[in-house]
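Got your viewer open and ready to click around? Here's a walk through the model, one selection at a time.

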Amino acid sequence: SATFAGLLRDALRPRRETVTALRGIDLDVEEGEIMAYAGPNGAGKSTTIKMLAGLLAPDAGTVRALGADPVRDRVRYVGRIGVVFGQRTELWWDHPVSATFGWRRTVWGIPDDVYERSLAFARDLLGLDPFWSASARELSLGQRMRADLALALVGEPRILFLDEPTIGLDALVKQEVLEAIRTLNRERAVTVMITSHDMPDLEQLRARIVLLNAGRIAFDGSFDELRRRLGDRRRLVLETDSAAPPALPGATHLGSEGGRHEYAFDALGTPIPQLLAAAASRARLLDVETHRAPIEDVVADLYRDWRGIDM
């Protein structure tokens, strides 16, 4: 049949499509800076990290870090950076954690004093001692991530590239990893470039945020600037003596549970006093609370605006 013939043709001569992962990226990162790099799936985040780590070469343009070309000067360059991919480990699976560190010391030719100093710092910072002699296969996801991050610190790198370092971690381990990153930046002035889909994590780092869309930079600034650009989005929670939510002009009802009602609104368009006055005129208020919209909601709205738009 025609359908079978088409399938056979595609199997023997598959159609190829050229996808441009990054388009005209012009980006400078200052020494000692923490830069969060985010965007929808397929935006080009991991591709950028791989180019900066010397794993990919650009088809056009120039990549420079620490005054070097990451690909052409790879041997000299990789000893001055640390790289962690959250979905891939560098630990030797059937060997003690300590063995991987010893291997890196030998293969990278790290001087004894630098190795001992950086290892002591990393083991203390990330709490490796309880599982230092355990094999990698015995580690929990959180322990593995802490060990991978510590491994990246051996040799005292000047730049740390982190691709989804908190993916899959529980709340406590995530907080420990984020605190370690802040400490490393604050005490050692290490430049950090981190990608993540977890916006609260990135905002907690008080980082500069660069948002990618379709391979282009769509935003570059602070989280406060990002919020201001998208309006002062907030949440209002009312507790009333009725299960029926009062209708509030300028606010969107998100849901109710008993007499507790939650709304979303933009405080730039609908001032909080105006909204509270409207609520008081429509219901008997028992309690009121308001807070900024979660950053992931703000960014998700932005991603929805981008969807289907050719930048």
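**Before you click**

You're looking at a predicted model, in which local features need pLDDT of at least 70 and side-chain atom pairs count only at pLDDT 80 or more, while totals for chains, interfaces and linings use all residues. Residues are numbered from 1 along each chain as its sequence is written, and side-chain values use heavy atoms, with hydrogens and water left out.

**Stop 1**

**Stop 2: look where they touch**

Domain 1 puts 15 residues in contact with 13 residues of domain 2 (contact means heavy atoms within 4.5 Å). How much area do domain 1 and domain 2 bury between them? About 1100 Å², with 62% of it on carbon and sulfur atoms. Now pick out Met-199, Asn-213 and Arg-227: they supply 50% of the area that domain 1 buries against domain 2, more than any other three residues. Buried area here is the accessible area (1.4 Å probe) that two parts lose on being put together, summed over both.

The term stands for a side-chain nitrogen of Lys or Arg within 4 Å of a carboxyl oxygen of Asp or Glu.

Switch to cartoon view and highlight α8 (199–204), β5 (208–213) and α9 (223–229), the elements that give two or more residues to the side of domain 1 that touches domain 2. Which of them gives the most? That's α9, with 4 residues. By class, this side of domain 1 has 9 nonpolar, 2 polar and 4 charged residues. In that count, Ala, Val, Leu, Ile, Met, Phe, Trp, Tyr, Cys and Pro are nonpolar, Asp, Glu, Lys and Arg are charged, and the others, Gly among them, are polar. As for the element names, helices (H or I, at least four residues) and strands (E, at least two) are DSSP runs, numbered from the N terminus.

**Stop 3: zoom in on Tyr-263**

Jump to strand β9 (residues 260–266), where you'll find Tyr-263. Is Tyr-263 buried or exposed? It counts as buried, at 1% relative accessibility (buried means under 20% relative accessible area, exposed over 50%, partly exposed in between; 1.4 Å probe, protein chains only). Leaving aside neighbours within four places in sequence, Tyr-263 is in contact with residues including Arg-234, Leu-238, Pro-246 and His-253. Its side chain reaches the backbone oxygen of Pro-246 at 2.6 Å.

**Stop 4: follow the salt bridges**

The model has 19 salt bridges by the rule used here. Start with Glu-33 and Arg-208, whose closest N and O atoms are 3.3 Å apart. Glu-33 lies in the loop between α1 (2–12) and β1 (34–38) and Arg-208 in strand β5, so the pair ties together parts that are 175 residues apart in sequence. Glu-33 is buried, with a relative accessible area of 18%, and Arg-208 is buried as well, at 17%.

Then select Arg-105, which is partly exposed at 25% relative accessibility. Arg-105 meets Asp-112 in a salt bridge (3.1 Å, N to O), and it meets Glu-116 in another (3.5 Å, N to O). Arg-105 is in helix α4 (residues 97–107) and Glu-116 in helix α5 (residues 112–126), 11 residues apart.

**Stop 5**

Select Ser-135, in the loop between α5 and α6 (141–153). Ser-135 is buried, at 14%, and beyond its neighbours within four places in sequence it is in contact with Trp-93, Asp-94, His-95 and Pro-96.

Move to Leu-66, in the loop between α2 (45–52) and α3 (74–78). Its phi is near 55 degrees, a positive value in a residue other than glycine.

Finish at Glu-156, in the loop between α6 and β3 (159–163). Phi of Glu-156 is also near 55 degrees, and the residue is partly exposed at 30%.

Key: Polar contact = N/O pair within 3.5 Å; in protein donor to acceptor, adjacent residues only side chain to side chain.
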